[in-house]
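Please look over the sequence and the 3D structure before reading on.

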Amino acid sequence: MPIIHELPTILADQIAAGEVIERPSSVVKELVENAIDAHSTRIDITVHHGGLASMQVTDNGDGIAPEQVRLAFQRFATSKIRNQADLFRVNSLGFRGEALPSIAAVATVDMKTSDGVHPGTELQMKGGKVEAELPAATRRGTTIEVTDLFFNTPKRRDYLKTSSTELSKITETVNHLALSHPEIAFSLVHDDKELLRTSGRANLQQVIAGIYNNQSIKKMIPVTAHNEDFELEGYTSLPELTRASRKYLSVIVNGRFVQDAELNRAIIAGYGSKLMVGRYPVTVLRITMDPTQLDVNVHPTKQAVRLLNQTELSQFITHAIAQTLADRNLIPAALDNH
Ligand code: ADP
Ligand code: MG
């Protein structure tokens, strides 16, 4: 007879890490999301060798009190929700309490944190085990450095691509986070080269220009719309600026970048017959809606969401884009300075 037994915590964390932490960009995503949830106004990301050598995220947020630092690395330990009602109206990016234990299970982690009230703490972890906990002289906020990713899960490590492929995934992740939070000043530095810097002045247009370049933003026009269920603001390209990939369609719902084919189709539908086959616009839409209409607990990486009012939102988006392009066509050519 096979014997049923509970798995040791470290092994359980490693299994969970398989779902949450796929590659270096997943680490960056989880660390930056934690920094955003901690009310940071500045988030600095430094990576080396496409994240394969190291990844560091520094924020100026809430920090963690000394007696809570170890708890942050326990699975299903979170400060963000308390009960089922909270789960159904999640407003933070995290809530599963899985990221830090997952990362610590498959890497070396060094966290320095201070809540600005108590003395700071440094916690060093490796392969799910605490290596050292020391007092640290650090200002309010948190710095986490992750090295040796997948050192103890060789299959995962072998699956990683070249540093340039991993870097492009990290860049894409940081771009999405920066577009989702123009009110936060982000920087991304790779091997001492600055790849992105945003001002944190809540100017979406500036963030888009920083990511997609100044030429693109000149061919993008503002989209705004609202009804009793949704509030929308963003930018979308004139039909003359298109790309061969849907990668330039960004939909952000309640501050969370969501990957949703249906919403992407809704954007494209707004263009009617204005796009050539296989060409897609460059679009960034930020949507605000009632969080109870949104189920974010669909997948461990939290990029897929389930929308209870999917059809209504799709129609709202299509209409907003179509209306914006139609209004644009009403402007006489002589007044058009583009
Ligand atoms: P979750 O984000 O789902 O709560 P995590 O494992 O990512 O789970 O983080 C666990 C907890 O650690 C968080 O709930 C938060 O209280 C704390 N934490 C993590 N990162 C930070 C940070 N950068 N600043 C302040 N607190 C943090
Ligand atoms: Mg988290």
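What follows is a short briefing, grouped by topic.

This is a predicted model, in which local features need pLDDT of at least 70, side-chain atom pairs count only at pLDDT 80 or more, and totals for chains, interfaces and linings use all residues. Residues are numbered from 1 along each chain as its sequence is written, while chains are lettered from A and ligands numbered from 1 in the order in which they are written. The secondary structure of the protein chain comes to ten helices and 17 strands. Helices (H or I, at least four residues) and strands (E, at least two) are DSSP runs, numbered from the N terminus.

**The chain as a whole**

- The protein chain has a radius of gyration of 21 Å, close to the 20 Å that the globule rule gives for 338 residues, so it is as compact as a globular protein of that length. This radius is taken over C-alpha atoms, and the globule rule is 2.2 Å times the number of residues to the power 0.38.
- Along the principal axes, the C-alpha atoms of the protein chain fill a box of roughly 70 × 50 × 40 Å.
- Of the 338 residues in the protein chain, 39% are buried. A residue is buried if 20 or more other C-beta atoms lie within 10 Å of its own, exposed if 12 or fewer, and partly exposed in between, with C-beta atoms placed from the backbone.
- Among contacts in the protein chain with a separation of 6 or more, 66% are between residues 24 or more positions apart. Two residues are in contact if their C-beta atoms, placed from the backbone, lie within 7 Å.

**The sheet of eight strands**

- An open sheet with mixed pairing is formed by eight strands in the order E5-E4-E3-E6-E2-E1-E7-E8. Two strands pair if DSSP finds at least two bridges between them.
- Strand E5 (129-136) and strand E8 (193-197) stand at the edges with a single partner strand each, so one side of each is left without a neighbour in the sheet.
- On average, neighbouring strands of this sheet are turned by 10 degrees against each other, direction ignored. Axes are lines fitted to C-alpha atoms, for helices over the stretch in contact, and angles run from 0 to 180 degrees between N-to-C directions.
- Strand E1 (residues 42-48) pairs with strand E7 (residues 185-190) in the parallel sense over six bridges, and Arg 42 stands opposite Ala 185 in E7.
- Helix H6 (residues 163-180) packs on this sheet and touches E1, E7 and E8; the direction of H6 makes about 175 degrees with that of E7.

- Strand E3 (residues 108-114) and strand E4 (residues 120-126) run antiparallel and are joined by six bridges. Asp 110 has Gln 124 in E4 as its bridge partner.
- E3 and E4 form a hairpin with five residues between them, and Gly 116 in the turn has a positive phi of about 80 degrees.
- Seven bridges pair E4 with E5 in the antiparallel sense, and Gln 124 has Ala 132 in E5 as its bridge partner.
- The hairpin of E4 and E5 has two residues between the strands, and Gly 127 in the turn has a positive phi of about 55 degrees.

**The sheet of five strands**

- Five strands form an open sheet in the order E9-E10-E15-E12-E13, again with mixed pairing.
- E9 and strand E13 (256-258) stand at the edges, each with a single partner strand, so one side of each is left without a neighbour in the sheet.
- From one strand to the next, the twist averages 20 degrees.
- H6 packs on this sheet, where it touches E12, E13 and E15; the direction of H6 makes about 50 degrees with that of E12.
- Strand E9 (residues 220-226) and strand E10 (residues 230-237) pair in the antiparallel sense over seven bridges and form a hairpin with three residues between them.
- E10 also pairs with strand E15 (residues 283-289), in the antiparallel sense over seven bridges, with Ile 287 in E15 as the bridge partner of Leu 232.

**Around ligand 1**

- Asn 34, Thr 78, Ser 79, Gly 94 and Ala 99 come nearest of the 21 residues around ligand 1. A residue is near a molecule or strand if its C-beta atom, placed from the backbone, lies within 6 Å of it.
- Helix H2 (24-37) and helix H4 (99-105) are the elements that give two or more residues to this shell, and the largest share, three residues, comes from H2.
- The shell divides into seven nonpolar, eight polar and six charged residues. Here Ala, Val, Leu, Ile, Met, Phe, Trp, Tyr, Cys and Pro count as nonpolar, Asp, Glu, Lys and Arg as charged, and the others, Gly among them, as polar.
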